[in-house]
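Take a look at the model below.

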Amino acid sequence: MTRENFDIAKDILADIDSLKNIKSEYENRHWVAFYGAVEKCQPISDGMLRDDLEKFIDVEIAKLEEKFEKL
């Protein structure tokens, strides 16, 4: 494995961990929000948005895990 591939793999694993942490918050019914530069805390309270975000996270984890396996 090249150093470049190692760095890419490390970044992919960090992204997977971040997404899994967010997913864990959902599964434990904790509060989820985005943190922005202008408006610091932006909670997600709408049910449809929360559901869509959860689906997005699952899809992204699967894509990143597949990309990692290809490395």
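Leaving aside its neighbours within four places in sequence, which residues is isoleucine 57 in contact with? They are Leu19, Ile22, Lys23 and Tyr26. Keep in mind that this is a predicted model.

## Isoleucine 57

Isoleucine 57 sits in helix α2, which covers residues 47-70. Its relative accessibility is 3%. Buried means under 20%, so isoleucine 57 counts as buried.

Lysine 23 lies 34 residues away from isoleucine 57 along the chain. Yet their C-alpha atoms are separated by 7.1 Å.

## Two helices side by side

Helix α1 spans residues 3-27. The axes of α1 and α2 come within 10 Å and cross at roughly 155°. Angles over 145 degrees count as roughly antiparallel, so α1 is roughly antiparallel to α2. The crossing is left-handed.

On the α1 side they include Leu19, Ile22, Lys23 and Tyr26.

## A closer look at α1

Helix α1 has 25 residues. From first C-alpha to last, α1 reaches 36 Å, close to the 36 Å expected at 1.5 Å a residue.

Which residues of α1 are buried? They are Ala9, Ile12, Ile16, Leu19 and Tyr26. Helix α2 is part of what covers them. An α-helix has 3.6 residues a turn, so residues three or four places apart point the same way.

After α1 comes arginine 29. Its phi is positive, near 60°.

Notes. Residues are numbered from 1 along each chain as its sequence is written. This is a predicted model: local features need pLDDT of at least 70, side-chain atom pairs count only at pLDDT 80 or more; totals for chains, interfaces and linings use all residues. Side-chain values use heavy atoms; hydrogens and water are left out. Helices (H or I, at least four residues) and strands (E, at least two) are DSSP runs, numbered from the N terminus. Buried means under 20% relative accessible area, exposed over 50%, partly exposed in between (1.4 Å probe, protein chains only). Contact means heavy atoms within 4.5 Å. Axes are lines fitted to C-alpha atoms, for helices over the stretch in contact, and angles run from 0 to 180 degrees between N-to-C directions. Angles under 35 degrees count as roughly parallel, over 145 as roughly antiparallel, 65 to 115 as roughly perpendicular and the rest as oblique. A crossing is left-handed if the near helix is turned anticlockwise from the far one by less than a right angle, and right-handed if clockwise. The expected span of a helix is 1.5 Å times one less than its number of residues.
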